[in-house]
Amino acid sequence: MSVKIHIASDPHTAYAGDICAMIEVAARQRGTGIAKRKPEYITMKIRNGNSVIALDGETLVGFCYIEIWENKKYVANSGLIVNPDYRGQGIAKKIKAKAFELSGKKYPESKLFGITTSLPVMKINSDLGYKPVTFSELTQDETFWSGCQSCPNYDILTRNERKNCLCTGMMFDPEHPNDKPKEERAQNIQKFHRWVRLKTASFLKKIINPLKFFI
Ligand SMILES: CC(C)(COP(=O)(O)OP(=O)(O)OC[C@H]1O[C@@H](n2cnc3c(N)ncnc32)[C@H](O)[C@@H]1OP(=O)(O)O)[C@@H](O)C(=O)NCCC(=O)NCCS
């Protein structure tokens with residue numbers, strides 16, 4: 001397997017139909033969480049440099065696109081899909097990382113957000129520095145929310161006056177980026193565990209040493 005991740009461009013428009021079909025199958029299987037899109041929409045995203053495609057030779061491996069809302073106040077990384085034959089190999093992580101980098105370059109001041117019920121996507125987002133937020137912090141643009149109409153849970157969203165639904169809203173705010181990247185946080189956790197081990201050892205020593213006198 002030699003999967004390459006590209007910022008999609010004109011020649012990739014040939015994949016628009018397959019991308020839509022893959023999204024539709026996944027939406028049907030999961031029953032939630034992915035906005036249905038027409039090939040024309042995907043073609044437009046590819047043409048204007050707002051999407052990321054993963055290919056293994058000529059095989060479509062995955063895709064994700066960027067949407068701009070409220071005059072660049074918000075940017076959503078949406079429509080993430082990975083070919084079922086390639087799942088569980090870190091492809092979604094790589095696609096999202098590329099889309100994150102692309103969004104940061106093209107729209108450095110925009111808040112990045114997504115809504116999802118998918119555990120892998122939540123994991124990827126939080127590794128990138130996204131934090132969970134209420135729907136009130138996301139774009140209020142009607143067109144964004146109309147993408148939820150193809151979701152079977154749309155009635156829950158409308159019943160709750162768009163305050164919440166089964167999806168979790170997540171946001172990366174470039175003005176308040178996550179204070180520490182994942183590796184640094186992991187190092188700090190390791191340091192903390194080491195500190196706990198040392199403290200426990202010295203505490204036990206203090207208890208056991210006086211007891212030795214009686215043994
Ligand atoms: C969701 C989806 C994009 C994930 O793609 P993927 O390439 O398999 O994901 P990755 O291999 O990059 O995994 C990303 C993380 O999620 C974890 N993960 C993957 N599949 C998982 C699962 N079924 N349950 C729990 N965690 C999972 C991975 O371990 C990894 O975490 P780590 O970095 O801590 O190890 C893919 O399953 C898919 O296309 N599903 C259908 C469409 C969809 O749901 N899109 C999301 C709409 S919001």
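Colleague: Which residues are buried in H4?

Modeller: Happy to start there. This is a predicted model, where local features need pLDDT of at least 70, side-chain atom pairs count only at pLDDT 80 or more, and totals for chains, interfaces and linings use all residues. Residues are numbered from 1 along each chain as its sequence is written, and side-chain values use heavy atoms, without hydrogens and water. With buried meaning under 20% relative accessible area, exposed over 50% and partly exposed in between (1.4 Å probe, protein chains only), the buried residues in H4 are Val121, Ile124 and Asn125.

Colleague: Within what arc do the buried residues of H4 fall, seen down the axis?

Modeller: An α-helix has 3.6 residues a turn, so residues three or four places apart point the same way. The arc is that of the directions from the helix axis to the C-beta atoms. The buried residues of H4 line one face of the helix because they fall within an arc of 100°.

Colleague: And which exposed residues are on the face of H4 turned away from its buried side?

Modeller: Helices (H or I, at least four residues) and strands (E, at least two) are DSSP runs, numbered from the N terminus. Asp127 also has its place in helix H4, but Asp127 is partly exposed, with a relative accessible area of 29%. The exposed residues on the face turned away from the buried side are Leu119 and Lys123.

Colleague: Which element gives the most to the lining of the largest pocket?

Modeller: On a 1 Å grid over the protein atoms alone, a pocket is an open set of points where a 1.4 Å probe fits, with protein on both sides within 12 Å along at least five of seven lines, and lining residues have an atom within 4 Å of a point. The largest pocket holds about 1000 Å³ of space, and of its 50 lining residues the closest to the centre are Arg30, Leu80, Thr116, Ser118 and Val121. Among the elements that each supply at least two lining residues are H3, helix H4 (119-128) and strand S4 (74-82). The most, seven residues, comes from S4.

Colleague: How far apart in space are Gly79 and Ile19, C-alpha to C-alpha?

Modeller: Gly79 has its place in strand S4 and is buried, with a relative accessible area of 13%. Gly79 and Ile19 are 60 residues apart in sequence, while their distance in space is 9.4 Å.

Colleague: What is the angle between the planes of Phe144 and Trp145?

Modeller: Rings of Phe, Tyr and Trp (its six-membered ring) pair if their centres lie within 6.5 Å; planes under 30 degrees apart count as stacked, over 60 as edge-to-face and the rest as tilted. The structure has ten aromatic pairs, including the tilted one of Phe135 and Trp145, at 5.2 Å centre to centre and 40° between the planes. Phe144 and Trp145 are both buried. Their pair is edge-to-face, with 5.0 Å between centres and a plane angle of 90°.

Note on methods
Grid points are joined across faces, edges and corners, and a volume is the space filled by probe spheres set on the points.
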